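Biologist: Please put the model up, and I will then ask about it one part at a time.

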Amino acid sequence: RRVTLIAPWEASGWSLLATIHSRLGHHVEAAAASRAWLRLKPEDAAARGTLSHSLALSGEVNRAREVLTTANSDTDATLANAWVTLGVAEEKRLRLEDAESAYKKALALDPRNALALRNLAVIQQKTGRAGDAVVSMNQAISLPSNDAKGHRYLAELLMFQKETSKAIPVLEQILRLNPDDQWALLSLGSAEFTVGNHAAARNAYARAVELQPNDAGAWMGLGQTQLWLGDSKAAESSLKKADQIKPNDAAILLEICAAYGRQGKHELALLTCDRSLALQPSSGPAWSGKGYAFLRLGRLADAAKALETAVRLQPDVANPWINLGEARLRQQQLGAAIDALGRAVALSPNAIDARLYLGQAYLAARQPDLARPHFEVALHTMPNPSPALVGLVLVHLHAGRSSEAIGYWNSLKLRDSLAAKALRLRIVAGRVPGAMMLVE
């Protein structure tokens, strides 16, 4: 101030005063100092940029735009930053088109302006151009900076577009910048789980619960991954911690139901599914879990009733159709079993349980040629093909193709002598045509 009073003709004094006011957030004062600066140096791009920046932040958005529009420079970083500030001000006024124009002008002056690229990506996403947004954000985070916020936004964009595998390295970069970022850990756990990297997902969630032991979402994610990795006891423990932190959460209760089911605790699974259904009566997964518990307990009528509700609520999910088909098959309701299992196979052609049960249903209905393709698919897909070989031996015996039956029988004996012995007793007792050849 003293310099500008003693030597008001010195532009450097006004420049310093404008800069100090701007950094202190005194935008009206900064604008006044910038005007004096600009009067002394009309062609100074930095003076024009500082003035526009201050005007935009003090609410004079239209005047800020006028100041920038008359600038002559085409390569000034201060002007570029002023255009970014103007873009932010236009966004606050919900004038997204003007904001986008401002960010593009900033990038014309400074193509490496990471903030302009990031803010442009936000507008592109808001206006339905997610692909363009990803390109802009990728450019922003490729610049040398520690822009964790930009990385987060890009990760959110990629996950929104279901490009989960591309989001994973972005999340990993966020954690390199800040290893204790809880959002990034939870998002990484979810992303790794989605692409099938369950061990990596477990590690991310384990770190998250270590950092924040009272985060129910982190405990739930850890429990889900432990379930997929086959550690149902550990999953039960993790999910119960989630339940303690966030009681009466239907989704957590549903996962506990699954953990009980994996351990054969079907009565407890039934009770937990009922707790979940009390909170969300229209939950298809909860009805499916309840039906599965009934099925494993041998309560076939109750299982079928619960599973009928599940498939009504989730007609495009294969698993409840498989369980319904098994229940109907065990009830000897072959037509209903074939219908349910046919739906399951249509939804999930590689579902081995569905193929095996459907093959068995067609065999029981004395339609071996319809059973055959399902056992053949299972044979080429299963790690242990013994159940499929058993089915194919029966298919060919029932169809009168004894040579084919013997071929599959010999394969079964080589792979699984116990299954072969059990099958021999079964087909002899059932007086299946051609059984004596197997006995011999």
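Biologist: Which residues of α24 are buried?

Modeller: This is a predicted model, in which local features need pLDDT of at least 70, side-chain atom pairs count only at pLDDT 80 or more, and totals for chains, interfaces and linings use all residues. Residues are numbered from 1 along each chain as its sequence is written, and side-chain values use heavy atoms, with hydrogens and water left out. Buried means under 20% relative accessible area, exposed over 50%, and partly exposed in between, with a 1.4 Å probe and protein chains only. On that basis the buried residues of α24 are Ser386, Ala388, Leu389, Val390, Gly391, Leu392, Val393, Leu394, Val395, His396 and Leu397.

Biologist: How far does α24 reach from its first C-alpha to its last?

Modeller: The expected span of a helix is 1.5 Å times one less than its number of residues. For the 13 residues of α24 that gives 18 Å, and the model is close to this, with a reach of 18 Å.

Biologist: Which helix gives the most to the lining of the largest pocket?

Modeller: A pocket is defined on a 1 Å grid over the protein atoms alone, as an open set of points where a 1.4 Å probe fits, with protein on both sides within 12 Å along at least five of seven lines; lining residues have an atom within 4 Å of a point. The largest pocket is lined by 25 residues, and Ala258, Arg262, Ser288, Gly289 and Asn319 lie nearest its centre. At least two lining residues each come from α14 (216–228), α16 (250–262), α18 (284–296), α20 (318–330) and α22 (352–364). With six residues, the helix that gives the most is α16.

Biologist: How do the lining residues of the largest pocket divide?

Modeller: Ala, Val, Leu, Ile, Met, Phe, Trp, Tyr, Cys and Pro count as nonpolar, Asp, Glu, Lys and Arg as charged, and the others, Gly among them, as polar. The lining then divides into 13 nonpolar, seven polar and five charged.

Biologist: Which cysteines does the disulfide join?

Modeller: A disulfide is a pair of cysteine sulfur atoms within 2.5 Å, and a search of the whole structure finds one. Its S to S distance is 2.2 Å, and the joined residues are cysteine 257 and cysteine 273.

Biologist: How many residues apart in sequence are the parts that this pair ties together?

Modeller: Both ends are buried, cysteine 257 at 4% relative accessibility and cysteine 273 at 0%. The torsion about the S-S bond is about -70°, so the disulfide is left-handed. Cysteine 257 lies in α16 and cysteine 273 in α17 (residues 266–279), so the parts are apart in sequence by 16 residues.

Biologist: What covers the buried residues of α17?

Modeller: The end C-alpha atoms of α17 are 20 Å apart, which agrees with the 20 Å that its 14 residues should span. Its buried residues are His266, Ala269, Leu270, Thr272, Cys273, Ser276 and Leu277. What covers them includes α16 and α18.

Biologist: Is asparagine 248 buried or exposed?

Modeller: Most residues other than glycine have a negative phi. Asparagine 248, in the loop between α15 (232–245) and α16, has a positive phi of about 60°. With a relative accessible area of 52%, asparagine 248 is exposed.

Biologist: Where is arginine 366?

Modeller: Arginine 366 also has a positive phi of about 60°, although it is not a glycine. At 76% relative accessibility it counts as exposed. Its place is the loop between α22 and α23 (368–379).

Biologist: Which residues is serine 238 in contact with, leaving aside its neighbours within four places in sequence?

Modeller: Serine 238 is in helix α15 and is buried, with a relative accessible area of 4%. Its contacts, with those neighbours left aside, are Trp219, Leu222, Gly223 and Gln226.

How values were computed. Helices (H or I, at least four residues) and strands (E, at least two) are DSSP runs, numbered from the N terminus. Contact means heavy atoms within 4.5 Å.
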